[in-house]
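Have the model open while you read.

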Amino acid sequence: MSNQNEDTISRRRFIATAGLISTAILTRPESLFSQKESPVITIMRAAATAKINVTKLRGNVSVLEGSGGNISVLHGPDGKLMVDAGIGVSRPNVLNALNSLSGDPIKMLINSHWHFDHADGNAWVHEEGATIIAHENTRKHLETTVKVDDWDYTFPPAPRDGLPTVLFKDQHMVDFNGESIQIKKYKPAHTDSDLSIYFPKADVLHVADTLWNSYYPFIDYSTGGNIDGMILAAQANIERTTNKTIVVPGHGEVGNRADLVAFHEMLVTIREKVAKQKKEGKSLEEIVASKPTAAYDAKWGGFVISGATFTYLVYKGV
Ligand SMILES: [Zn+2]
Ligand SMILES: [Zn+2]
């Protein structure tokens with residue numbers, strides 16, 4: 001993955017040296033992504049056969065990993081509440097995983113944001129009996145066509161059955177299975193509609209895509225995300241947790257406060273390095289070539305977003 005990427009970049013440097021640098025390079029950022037095809041297609045394909053791992057976290061809260069973003073589940077006499085639905089084609093495997101926890105029916109689904117790897121399964125989860133709760137912008141994005149340039153992909157409107165029907169602006173409470181679940185909207189960060197979902201009894205905080213644990217995060221500028229908002233969200237997450245809080249990221253392993261601190265530090269450091277060079281008038285190609293993420297790539301660069309791609313995502317927002 002990284003070799004291919006370095007090839008691309010060194011070819012670019014050559015082009016730049018030859019004085020042929022053009023805006024075409026700047027307007028084709030998808031070439032900075034490690035895969036040749038859209039990551040959406042890669043992730044969708046993987047989800048069809050993905051094994052779903054079930055881990056009990058604390059109390060009746062568990063996490064399902066394997067279909068797109070991580071799915072938190074609270075089960076009990078009121079039925080099951082899910083945070084995110086994963087990708088639709090994973091339905092049989094996700095259902096098996098849910099049934100391994102208990103036979104309670106699915107009653108509620110909270111969408112942490114609109115992205116396909118979290119909301120594509122909405123329609124089948126609704127068909128199973130769930131009411132879908134989300135921020136109003138999540139519904140807005142789901143019911144229209146959205147082009148995400150940096151994923152090189154255009155999403156058609158979601159099926160009507162998959163649209164959230166309980167909508168709110170800032171925060172929302174759900175009393176379910178003895179938990180008073182706190183749902184709060186972040187300021188625009190990964191998108192303009194990211195939610196945190198907190199289970200106070202279990203002390204589990206689902207932060208969704210405001211944390212990619214040990215991976216560089218995607219930032220969706222096409223629907224209102226930005227690097228400074230990501231940093232603010234990471235800070236807010238640190239402030240809301242103690243050393244005992246279990247933190248469920250959108251991607252990567254279930255973590256804790258220390259993981260949030262490391263993620264925040266990585267974001268701030270890279271942002272500063274990129275912003276400084278951009279202010280000095282350096283081009284994107286020059287900044288990528290200076291490898292501002294070098295010290296972090298071994299830990300954070302192993303998933304969909306490479307160091308070069310993350311540099312581009314930061315550059316866009318500073
Ligand atoms: Zn995601
Ligand atoms: Zn996302």
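Let's start with handedness: helix 8 and helix 9 cross in a left-handed way. This is a predicted model, so keep that in mind throughout. On the helix 8 side, the contact is made by Ile227, Met230, Ile231, Ala234, Gln235, Asn237 and Ile238. Helix 9 brings Arg257, Leu260, Val261, Phe263, His264, Leu267, Val268 and Arg271 to that contact. Sorted by class, that makes 10 nonpolar, three polar and two charged residues.

As for geometry, the axes of helix 8 (residues 227–240) and helix 9 (residues 257–279) come within 9 Å and cross at roughly 155 degrees. Angles over 145 degrees count as roughly antiparallel, and the two helices are therefore roughly antiparallel to each other.

Five strands make up an open sheet, ordered 10-11-12-13-14, with mixed pairing. Strand 10 and strand 14 are the edge strands, each with a single partner, so one side of each has no neighbour in the sheet. On average, neighbouring strands here are turned by 25 degrees against each other, ignoring direction.

| Strand | Residues |
|---|---|
| Strand 10 | 171–176 |
| Strand 12 | 195–199 |
| Strand 13 | 204–212 |
| Strand 14 | 246–251 |

Inside the sheet, strand 12 and strand 13 pair in the antiparallel sense over three bridges. Which residue of strand 13 is the bridge partner of tyrosine 198? That would be leucine 205.

How values were computed
Residues are numbered from 1 along each chain as its sequence is written. Chains are lettered from A and ligands numbered from 1 in the order in which they are written. This is a predicted model: local features need pLDDT of at least 70, side-chain atom pairs count only at pLDDT 80 or more; totals for chains, interfaces and linings use all residues. Axes are lines fitted to C-alpha atoms, for helices over the stretch in contact, and angles run from 0 to 180 degrees between N-to-C directions. Helices (H or I, at least four residues) and strands (E, at least two) are DSSP runs, numbered from the N terminus. Angles under 35 degrees count as roughly parallel, over 145 as roughly antiparallel, 65 to 115 as roughly perpendicular and the rest as oblique. A crossing is left-handed if the near helix is turned anticlockwise from the far one by less than a right angle, and right-handed if clockwise. Two residues are in contact if their C-beta atoms, placed from the backbone, lie within 7 Å. Ala, Val, Leu, Ile, Met, Phe, Trp, Tyr, Cys and Pro count as nonpolar, Asp, Glu, Lys and Arg as charged, and the others, Gly among them, as polar. Two strands pair if DSSP finds at least two bridges between them.
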